[in-house]
Amino acid sequence: CFRSLTLALAKDLGLTGYVENNSDGSVHIEAEGVDKDLENLLDWSYRGPDLAEVKHVEVLWSDRYCGYSDFSIHE
């Protein structure tokens, strides 16, 4: 549910990038967009959806631009 709700929020915020599950059970989000919208996604990721258990959030800001065309879920 975390990935699908991340996708919905990112699309609502007009962000591009992706969200995926890692083999260790963590979730990786890579997003591009306007700083305030990225901060909104980040703020939400500290809580996640109602049934999520967020233990740790690691953030890496970068000026690198990948030019994603939309926001998607990587399987």
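Are glutamate 53 and lysine 55 buried or exposed? Both glutamate 53 and lysine 55 are exposed, where exposed means over 50% relative accessible area, buried under 20%, and partly exposed in between (1.4 Å probe, protein chains only). Welcome to this predicted model, in which local features need pLDDT of at least 70, side-chain atom pairs count only at pLDDT 80 or more, and totals for chains, interfaces and linings use all residues. Residues are numbered from 1 along each chain as its sequence is written, and side-chain values use heavy atoms, with hydrogens and water left out.

**Two helices**

- Helix α1 covers residues 2-13 and packs against α2 at an angle of about 155 degrees, their axes 10 Å apart; helices are DSSP runs of H or I with at least four residues, strands are runs of E with at least two, and both are numbered from the N terminus.
- Axes here are lines fitted to C-alpha atoms, over the stretch in contact for helices, and angles run from 0 to 180 degrees between N-to-C directions.
- The two helices α1 and α2 are therefore roughly antiparallel, a label for angles over 145 degrees, while under 35 is roughly parallel, 65 to 115 roughly perpendicular and the rest oblique.

**Salt bridges**

- Side chains of opposite charge can pair when their charged atoms come close.
- The whole structure holds four salt bridges, each a side-chain nitrogen of Lys or Arg within 4 Å of a carboxyl oxygen of Asp or Glu.
- One of them joins the side chains of glutamate 75 and arginine 3 at 3.5 Å, N to O.
- This pair links distant parts of the chain, 72 residues apart, with glutamate 75 in the segment after β3 and arginine 3 in helix α1.
- Glutamate 75 counts as exposed, at 82% relative accessibility.
- Another bridge brings lysine 36 and aspartate 37 together at 3.2 Å, N to O; lysine 36 is exposed at 54%, whereas aspartate 37 is buried at 11%.
- Glutamate 53 and lysine 55 also meet in a salt bridge, at 3.7 Å, N to O.

**Inside and on the surface**

- Valine 19 lies in strand β1, residues 16-21, and is buried with a relative accessible area of 0%.
- Valine 19 and phenylalanine 71 are 52 residues apart in sequence and 8.0 Å apart in space, C-alpha to C-alpha.
- Valine 59 sits in the loop between α2 (35-45) and β3 (71-74) and is partly exposed, at 38% relative accessible area.
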